[in-house]
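Dear colleague,

I am passing on to you the structure that follows, together with some notes on what a search of it turned up. Please read the notes with the model open beside you.

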Amino acid sequence: MLISFSLFLILMTFGAQAHAITEWDKLNDEVESLYHQGDYNRATAAAKKALQAAEQTLDPNHPDVATSLNSLALLYSSQGQYTQAEPLYKRALGIFEKSVGAERPEMAASLNNLAMLYRNQGQYAQAEPLYKRALAIDEKIFGPDHPNVAISLNNLAQLYQAQEQYTEAEPLLKRALAILEKTRGPDHPDLALSLNNLALLYSAQNQYAQAEPLYKRVFAISKKALGPDHPNVALSLNNLAGLYKDQGKFPNAEPLFRRALAISEKTFGPDHPNVAISLENLAQLYRDIGHESKAKPLEKRAAAIRAIKR
């Protein structure tokens, strides 16, 4: 299984006004730093403290409470804990709509994040109108060439890719890529995410020659910008390995799959869905080359992870 990258809009100081630095601000900075390091366990602990600080000092419908709810939900969602994430996203969305209005960047970000949760669970009919609403808000507020518009385009394209609607997805991805290359520069992590998803689209249609250089560029950007053990590096390794496997280049694929598994285990812990994906990919590789004895324990462990109720 190849893995697409979703561009989350993590809400830390969205709409913040000038004020003295508070404990809430410090906790938000800590959450954002840990999130970008891929240390989701410590980030989640800090996000819980930030939410508690906001709820203790602010009106329950204050935008900062919604920001903390959204950030905690994002972290739960990133770890496959969708049941915990969904009510937080919905509560954040309700607060933002009431406190800042229906056509604000905070709303677009929250809509994107909730839609992503539904997409990750295969609830495509629930996700699509949220993605489209987020895109419309971003285009109205920022104009057609803003990075936030690229994020919304990318996310809607992923929804279409998940349903194999490649004709609908490709122009959205190319437009997002053009915006990000222009506004973020050639080495930004957001550009890597968009490149990855276009490569996935080509891979899904067996257009390997078009996909490979994109995957290699994704890996190079991600490693340089985020460090060698970041989850996005693991995903880029997984996808490049999958490309090689699909072409029968098994010696090229195996070390990449193994490295992706090691990073995922280190980052997420042993029972995360991304670990299951890495285990299944490595197991399938071994089956393809006739090493059933190596494949079986990996498949058994992946099945156990899949059986965990989240």
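Tyr-40 is buried, with a relative accessible area of 7%, where buried means under 20% relative accessible area, exposed means over 50% and partly exposed lies in between, as found with a 1.4 Å probe on protein chains only. Phe-268 is likewise buried, at 13%. This is a predicted model, in which local features need pLDDT of at least 70 and side-chain atom pairs count only at pLDDT 80 or more, while totals for chains, interfaces and linings use all residues. Residues are numbered from 1 along each chain as its sequence is written, and side-chain values use heavy atoms, with hydrogens and water left out.

A search of the whole structure finds two aromatic pairs, a pair being rings of Phe, Tyr or Trp (its six-membered ring) with centres within 6.5 Å, called stacked if the planes are under 30 degrees apart, edge-to-face if over 60 and tilted otherwise. The rings of Tyr-40 and Phe-268 have centres 5.4 Å apart and planes at 45 degrees, so the pair is tilted. Because Tyr-40 lies in helix H2 (residues 40-57) and Phe-268 in helix H12 (residues 250-268), the pair ties together parts that are 228 residues apart in sequence; helices here are DSSP runs (H or I, at least four residues), numbered from the N terminus. Ring pairs also bring in Tyr-35, which is linked with Tyr-40 and Phe-268 into a cluster.

Turning to charged side chains, the whole structure holds 22 salt bridges, each being a side-chain nitrogen of Lys or Arg within 4 Å of a carboxyl oxygen of Asp or Glu. One of them joins Glu-55 to Arg-91, with the closest N and O atoms 3.1 Å apart. Since Glu-55 belongs to helix H2 and Arg-91 to helix H4 (residues 82-99), this pair ties together parts that are 36 residues apart in sequence. Glu-55 is partly exposed, with a relative accessible area of 37%, and Arg-91 counts as partly exposed at 37%.

Within helix H4, Lys-90 and Glu-86 lie four residues apart, about one turn of the helix, and their side chains meet in a salt bridge at 3.1 Å, N to O. In general, an α-helix has 3.6 residues a turn, so residues three or four places apart point the same way. Lys-90 is partly exposed at 44%, and Glu-86 is partly exposed at 21%.

A further salt bridge, at 2.8 Å from N to O, is formed by the side chains of Arg-306 and Glu-280. As Arg-306 lies in helix H14 (residues 292-306) and Glu-280 in helix H13 (residues 273-288), the two tie together parts that are 26 residues apart in sequence. Apart from such pairs, Arg-287, Glu-292, Lys-296 and Glu-299 are linked in a network of salt bridges.

Helix H9 (residues 189-204) is mostly covered, with 14 of its 16 residues buried. Just after H9, Asn-206 takes a positive phi of about 60 degrees although it is not a glycine. Asn-206 sits in the loop between H9 and helix H10 (208-226) and is exposed, with a relative accessible area of 52%. Glu-164, another residue that is not glycine, has a positive phi near 60 degrees; its place is in the loop between helix H7 (147-162) and helix H8 (166-184), and Glu-164 is exposed at 59%.

With kind regards
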